[in-house]
Amino acid sequence: MNSPLGASPLKVVVLEASPNAESKTASLAGIAVSIIEERYSISLSTVNVYGIGTGLTSAIMRSDVDERAEEALQTVEGADLLLVAVPVYRGSYPGMFKHFMDLIDQYAFCLLYTSDAADELDGVD
């Protein structure tokens with residue numbers, strides 16, 4: 001197995017934002033992770049924004065989050081590869097995902113968006 005960063009495993013973080021525990025979106029992310037694991041040595045973490053709790057939902061600014069939410073934010077910010085698994089409902093992504101991303105350091109990563117439907121590009125912010 002290769003590691004694009006040398007001897008260290010690739011830090012892959014799956015950021016899930018579906019309110020359903022058994023979602024098609026999460027299943028698709030699992031398939032993507034399996035493909036990545038076939039090619040690279042990885043260290044895998046998963047963050048589900050719906051599992052963080054009130055330490056996230058009650059926060060207005062980053063300084064308002066609790067320890068659990070801060071750990072989730074730092075996990076995402078520290079990823080070498082962030083795989084975002086977010087369903088699109090009625091042309092938009094879930095508000096919980098938007099709130100989480102609003103608290104992320106704006107310089108933590110760059111965005112690559114893929115979709116099989118041109119009308120879903122409206123969901124990119």
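The expected span of a helix is 1.5 Å times one less than its number of residues. Keep that in hand for the first view of this predicted model.

**View 1. Helix H1, end to end.** H1 runs over residues 24–39, 16 residues in all. From its first C-alpha to its last it reaches 24 Å, close to the 22 Å expected at 1.5 Å a residue.

**View 2. The buried side of H1.** Tucked away here are Ala26, Ala29, Val33 and Ile36, the buried residues of H1. They sit on the same side of the helix, because they cover an arc of only 75° around its axis. The background is simple: an α-helix has 3.6 residues a turn, so residues three or four places apart point the same way. As for what they pack against, the buried residues of H1 meet strand E1 (10–16), strand E2 (42–48) and strand E3 (81–85).

**View 3. Ser18 and its surroundings.** Ser18 is in the loop between E1 and H1. With a relative accessibility of 5%, Ser18 counts as buried, since the cut-off for that is under 20%. Which residues touch Ser18, leaving aside its neighbours within four places in sequence? The contacts are Ser23, Asn48, Tyr50, Pro87 and Tyr89.

**View 4. Arg62 and its two glutamates.** The model's salt bridges come to 3, and Arg62 takes part in the ones with Glu70 and Glu77. The N to O distance is 2.8 Å for Glu70 and Arg62; for Glu77 and Arg62, the closest N and O atoms are 2.7 Å apart. Glu77 lies in helix H3 (residues 67–77) and Arg62 in the loop between helix H2 (54–57) and H3, so this pair ties together parts 15 residues apart in sequence. Arg62 is partly exposed at 24% relative accessible area, as is Glu70 at 21%. Glu77 is also partly exposed, at 21%.

View 5. Asp102 is exposed at 51% relative accessibility, while Lys98 is partly exposed at 30%. Back at the previous view, salt bridges that share partners join Arg62, Glu70 and Glu77 into one network.

Key:
Residues numbered from 1 in each chain as written. Predicted model: local features only at pLDDT ≥ 70, side-chain atom pairs only at ≥ 80, totals over all residues. Heavy atoms only, no water. Helix = DSSP H or I, 4+ residues; strand = E, 2+ residues; numbered from the N terminus. Buried < 20%, exposed > 50% of the residue type's maximum accessible area, 1.4 Å probe, protein only. Arc of directions from axis to C-beta. Contact = heavy atoms within 4.5 Å. Salt bridge = Lys/Arg side-chain N within 4 Å of Asp/Glu carboxyl O.
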